[in-house]
Amino acid sequence: MAVPPRADFGMTGFSVPENNRQLFISLAEHHLRYTLAKRRIQLTRQDWYLATAMAVRDILVERMLATRARFERVSAKKLYYLSLEYLIGRSLENNLFNLGIIDICRDYLAGNGIDLQTLFDEEPDAALGNGGLGRLAACFLDSLATLDMPGYAYGINYEFGLFRQEIRDGYQLERPDSWRRSPSPWLVPRPEEVILIPAYGRIDHRFNAEGEYAPAWVESRLLAGMPSDLPISGYRGRTVNFVRLYSAGASDEFDMQIFNAGDYMKAVEQKMVSETISKVLYPSDDVAAGRELRLLQEYFFVACAMRDIVRGFARSGHDFADFPAKVAIQLNDTHPALAIAELMRLFVDHYDLPWVTAWELTRSTFAYTNHTLMPEALERWPLNLLERVVPRHLQIIREINRRFLAEAVNLWPDDPERCARVSIIEEGREPHARMAHLAIVGSHSINGVSKLHSELIKTRLVPEFYQLWPERFSNKTNGVTQRRWLLMANPGLANLLCESIGPGWITELEELHRLESLTDDSAFRARFAAIKRVNKERLATVSRRIADVDLDPASMFDVQAKRIHEYKRQLLMALGIVHQYLILVEDGIEPPAPRSYILAGKAAPGYWAARMLIKLINNLGAVINNDPRTRGLIKVAFLPDYRVSLAEKIMPAADLSEQISTAGREASGTGNMKFAMNGALTIGTLDGANIEIREAVGADNIFIFGMTADRIAELTAKQAYHPIEYYESDPRLRRVLDELTSDRFCPNEPGLFRWIRDSLLYADDYFLLADFGSYIDTQAEISGEFVRSEVWTRKAILNVARIGRFSSDRTVAEYAQEIWKLASI
């Protein structure tokens, strides 16, 4: 069945003035003629994309300038969001929706023989992020603009993204993700706003005329931060904020000194080294040079941001005493924590504020969001590396810590171990600075991103800090923007919703609750199911093209799409696939419903176990998909190069969403929200936001399995978890693991997967074996439910109807009211 026709009010849910049509057409024609400087007969599809994008950008810039003026007229408080990554995705379609001109654009292009949909595919995903952290940041920016709030952001203008993933012989290969091989039409260069920041050098210990210590940072190397602004439009286009992205280079002044000294090769070398800072997202930190580059990246972008923020504040003429009343700075995880030391440096060294005053202003300005309990995300920097790269900042961190520990000792005079646990400086043979501790000590607010995660921060991660300042800790459960993940990604369902309950849900997602009354409407259920079928057919086409796997749209699409990591337990899903395959081909038991297992995600280049999981999944597919006994019953597809534009096709097509992380390890997750928003049912553990999704959609409309976080913590504390006992007691598990020691799934590479059984039996850190039986039993229950299509569709509709609280609009409104003290203007 075809996707239902558009509602009369159009895809955007709001009308636009007719003069917008003439404006857009005139701008597009201008760029075709004068920017591209080509005759119409010479124009390529890429040319049409560029002209269309530049016309849209012109409209955005006009509104961006008007937005800025509107905020400045009332001297509004501004939020500055600091994130090392932004997973923006593609901009053309999103901006056309938000500006309300997508139909105007489509009609104009159609009149010129161009299909707008083909132009969307001309745009590369902006390679400014990697996973959930970056995508959450992008959702927040959308919501800030939609809510008409003065919210800006800072980051790095990476030349290359994480990497472009290819699969060869089942293995992940990393290729350069050069999204800026052609100049982006969306970026607005701001060369007049270049920032010069020092790095390296040493501290000259000096005293001023009053005899006070006044250290000087000397012999430093100057880096140039060259900004470009990426406009971010809110829905309806009234507010257009921006992300300021910095590219790194060597300063002209410093280069000329070296040139004049005659050392030309050194000047060229330093220029190349400086430009490397913004070359690639997340350089490998397996070697010393990579760690130093990673630290330089983090320092570079926060130093540029702090200078730009303080410079803008100083230009406004306000007194620094008003800084927290006019500026809120949000740290998106620990990566930007050096911003605290940098702001202190500016206040103390450049503006001569007394330390106590500077510290009060700094702590009243910053807020910190913790996104994970995983050790690798709680950054620790060796003090010798900090001293080499940012010597003045290390001084400031030491002084912050000295003063903080003086407070802690007063509270816990007889407990030096507790004081050591809260210290920013972790002493030892190689002392480190704990950046999460710096973020906590230097912020007036610390929050987690789901109820469980926030509770674990207080009780397990940093309980001493919670005892010190309980009033600073809060929860802000994550959300996602429905405008990209439903309105744009799933136009068929969006149209059905608008026709059935009106377009109010586009800005008030809780309006979806009105769908509940339609669950017993057979005509509505039929249309809902037909839309899901069309989305599955679209994804099947994608799978055939990029993975060479034919998926049956009539089968259950069982999906896990996210970063590959052991705690996210793609391996548990793989073990389940092996189990299903074995009971089919060895026991002759067919599944109640055909199933297509679909996985996608990237593994960090240096993460061997994660890379081998990708190899396992692809090898499973190679065997299972080519076994005639599975034909029409089981398929396995790994979709390469997972990114926003691919996720927009995967999520609307999913029947089942796998959110199966080890309980207590996932901070929140946002993929779980996107899948449910698009009518997928969830199989998941009681982890992250899964708990709150169950509360929202109802326990009957989600499939929960596995141990709780408390039970896992209890077993861990008592050292009472013995995975081999599960292996010995569950014949299903034993058969699956033993099969992996054979060469059935690796005939050309004998013994390739033997390590999986060996490691799980004795070091199952993520409790796969403990949860395997529950997972398999729950999957059997799911198969029985899926064949009852009317029941399944009702449950899917209820997931959509009850997902309203998981909009990033709600999350941002909570931050604005309770942390940032930010108003809509």
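**Notes on the model**

1. Ile425 has Ala433, in strand 15, as its bridge partner. Strands here are DSSP runs of E with at least two residues, and helices are runs of H or I with at least four, both numbered from the N terminus. Strand 14 and strand 15 (residues 432–434) pair in the antiparallel sense over two bridges; at least two DSSP bridges between two strands are required for a pair.

2. The model is a predicted one, in which local features need pLDDT of at least 70 and side-chain atom pairs count only at pLDDT 80 or more, while totals for chains, interfaces and linings use all residues. Residues are numbered from 1 along each chain as its sequence is written, and side-chain values use heavy atoms, with hydrogens and water left out.

3. The open sheet consists of three strands in the order 13-15-14, with antiparallel pairing. Strand 13 (380–382) and strand 14 (425–426) are at the edges with a single partner strand each, so one side of each has no neighbour in the sheet.

4. The largest nonpolar core holds 285 residues, of which Met306, Phe465, Trp505 and Trp820 touch the most other members. Helix 9 (residues 288–316) gives the most to this core, namely 14 residues. Such a core is a set of buried Ala, Val, Leu, Ile, Met, Phe, Trp, Tyr and Cys residues joined through side-chain atoms within 4.5 Å. Buried means under 20% relative accessible area, exposed over 50%, and partly exposed in between, with a 1.4 Å probe and protein chains only.

5. Beyond its neighbours within four places in sequence, Trp820 is in contact (heavy atoms within 4.5 Å) with residues including Lys77, Leu79, Leu144 and Tyr815.

6. Rings of Phe, Tyr and Trp (its six-membered ring) pair if their centres lie within 6.5 Å; planes under 30 degrees apart are stacked, over 60 edge-to-face, and the rest tilted. By this rule there are 28 aromatic pairs. Phe465 and Trp469 form a stacked pair, 6.0 Å centre to centre with 25° between the planes, and both residues are buried.

7. Phe524 and Phe528 form a tilted pair, at 6.4 Å centre to centre and 35° between the planes. Both lie in helix 21 (residues 522–546), four residues apart, about one turn of the helix, and both are buried.

8. Two lysines have a charged end over a ring: Lys536 over Phe557, 4.9 Å from the ring centre, and Lys602 over Phe163, at 5.2 Å. The criterion is NZ of Lys or CZ of Arg within 6 Å of the ring centre and within 35 degrees of the ring normal.
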